[in-house]
Amino acid sequence: MQMTNICKAYNKVEVLKEVNFNVKYGEIHALIGENGAGKSTLMNILGGVTQKDSGIIKLMGREVNLLNTLDAKKNGISFIHQELNLVNDLTVYENMFLGSEIVNKFGFIDVEKMCKKSQEILNSMDINIDPKTNVGELDVSFKQIVEIARALLQDSKIIIMDEPTTSLSDHEIENLFKLMKGLKQSGVSIIFISHKLKEVMRICDSYTVLRDGVVTGTGNIQDTDEQQLTRLMVGKSIATLEYYRKREIGDVVLEVKSLNSKYFKNINFKLHKGEILGFTGLSGDGRSELFQSIFGYLKLNTGEILIKNNVCKINHPNKALKSGIALLPKNRKENAIIKDMNVVENITISSLEKFVKGFIIDSKKEIESCKERIEETKIKVMDINMPITNLSGGNQQKVVLSKWIEADADIIILDNPTQGVDIGAKSDMYELIMKLAEKGKGIIVLSSEVPEILKLCDRIYVMYHGEITGILNREEANEENIMLYAAGVKRSEVS
């Protein structure tokens, strides 16, 4: 596949500037860059979602015009979007065959054949899902797998995977990589879009880097490293940057005593003013459920939550917010942003009382405050009244954090705050977290990325199957100790 001198502009703003992008037969090619670099636009052109302004696309040496997604599909191109594109009210097999149903000689849909074929694809992926299961009953990771299975069913020659591992567990990622290698051996080319450079280095054969709509580098993976790729993406290496700064740690702002539920047991910890606590572990460790319970979203069985030494009964997120607790959930698109609202409305939704005069919202005051938040969190937005869905993932994440800064929460819980976020936005988030702690906010960071935890946190709690197995000070924390505790080794067993 060859894309030559591809140009695209929106409202006279150049998004792609004479981009050249080539993919070889049977290779896994990484397309990387910051949010807003032009990756999605380039792939939308290849996937027939949008049209190029100029340039040439060739498949197997033959020039093609991809006017829509059906054209792309006919030419053997499948696009697995980061935004899940499934119908929750339909079954797995119905989603997989949507638009290309198998019918028998009488013209009726052949459910048995579709189920059998769906099961064959799922079995080849080593995934145990009943094809007759309603997609709405699946968690995000399994929905992602159904998307991939649908692309395989279409016998695609080029598969575009946009952040495919974001919602997958380690085991599921291993299965996906095994599957990708099998596809590669059978001659399928894969375009792998990811912000996780370790995954890029591990699974990809070659790379192309975009920055501000221009190709800044391309080559073989074996001839580069993470630092070089980072520099090509943002002009600097995030790995060498230091974010942690010592600061004044104050009184206890949050204490939990003997918290228990069906997801975790006997949880005890204290959070101080100005402190950054880290919670980490492997998939299924219970940390997300723990803090959803503290936020009042999930039910606690027993235990106490104390805010500034006062026992608080938190059985609803509204009570948590009134107690000064904010939660940035890990699933931003389903649980954090309000898709039908614009940027301003998403920032002020939890603090509207600040802008109300009588029964009317003071729009001028609201906009002025939003502009301050946007500047503070470095949100890239052309128009603050544009829909939040028009922003990149990293900028949406900053909007959600801006909402809690605007609400002036004292305790901010961040669940995988940089998931699906590019390197530049990740750097901005780290700096912002440190500044919030310096202002006296109590911060809790939940993350599966151990380097992220080590960069930011004063103390680190490691969980395994709903229990805290290790508590580490910053000075004694390292990846080896954390992974031991995450694997279920108790603190007393580590030498």
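User: Which residues are buried in α1?

Analyst: This is a predicted model. In α1, the buried residues are Lys39, Thr41, Leu42, Met43, Asn44, Ile45 and Leu46.

User: What makes helix α1 "mostly covered"?

Analyst: Buried means under 20% relative accessible area. Seven of the eight residues of α1 (residues 39-46) are buried. Therefore the helix counts as mostly covered.

User: What follows α1?

Analyst: Gly48 does, and its phi is positive, near 75°.

User: Why is Val103 called partly exposed?

Analyst: Val103 has 47% relative accessibility. Buried is under 20% and exposed is over 50%. The value of 47% lies in between, so Val103 is partly exposed.

User: Where does Val103 lie, and which patch does Val103 form with other residues?

Analyst: Val103 sits in the loop between α3 (92-96) and α4 (111-124). With Ile109 and Val111, Val103 forms a nonpolar patch on the surface. Together they have about 240 Å² of accessible area.

User: How many cavities of 30 Å³ or more are there?

Analyst: The structure holds one. The largest cavity has about 50 Å³ of space.

User: What makes Glu172 the charged residue in the lining of the largest cavity?

Analyst: The lining includes Met125, Ile127, Glu172 and Asn175. Glu counts as charged, so Glu172 is the one charged residue there. By class, seven lining residues are nonpolar and one is polar.

User: Which helices supply at least two residues of that lining?

Analyst: Helices α5 (140-153) and α6 (170-185) each do. The largest share, four residues, comes from α6.

Definitions and conventions
Residues numbered from 1 in each chain as written. Predicted model: local features only at pLDDT ≥ 70, side-chain atom pairs only at ≥ 80, totals over all residues. Heavy atoms only, no water. 1 Å grid on protein atoms, 1.4 Å probe; cavity = no way out; pocket = protein on both sides within 12 Å on 5 of 7 lines; lining within 4 Å. Points joined across faces, edges and corners; volume = space filled by probe spheres on them. Patch = residues over 30% accessible without salt bridge, like charges linked within 9 Å, V, L, I, M, F, W, Y side chains within 5 Å. Areas by Shrake-Rupley, 256 points an atom, 1.4 Å probe, with all protein chains shown as cover. Salt bridge = Lys/Arg side-chain N within 4 Å of Asp/Glu carboxyl O. Buried < 20%, exposed > 50% of the residue type's maximum accessible area, 1.4 Å probe, protein only.
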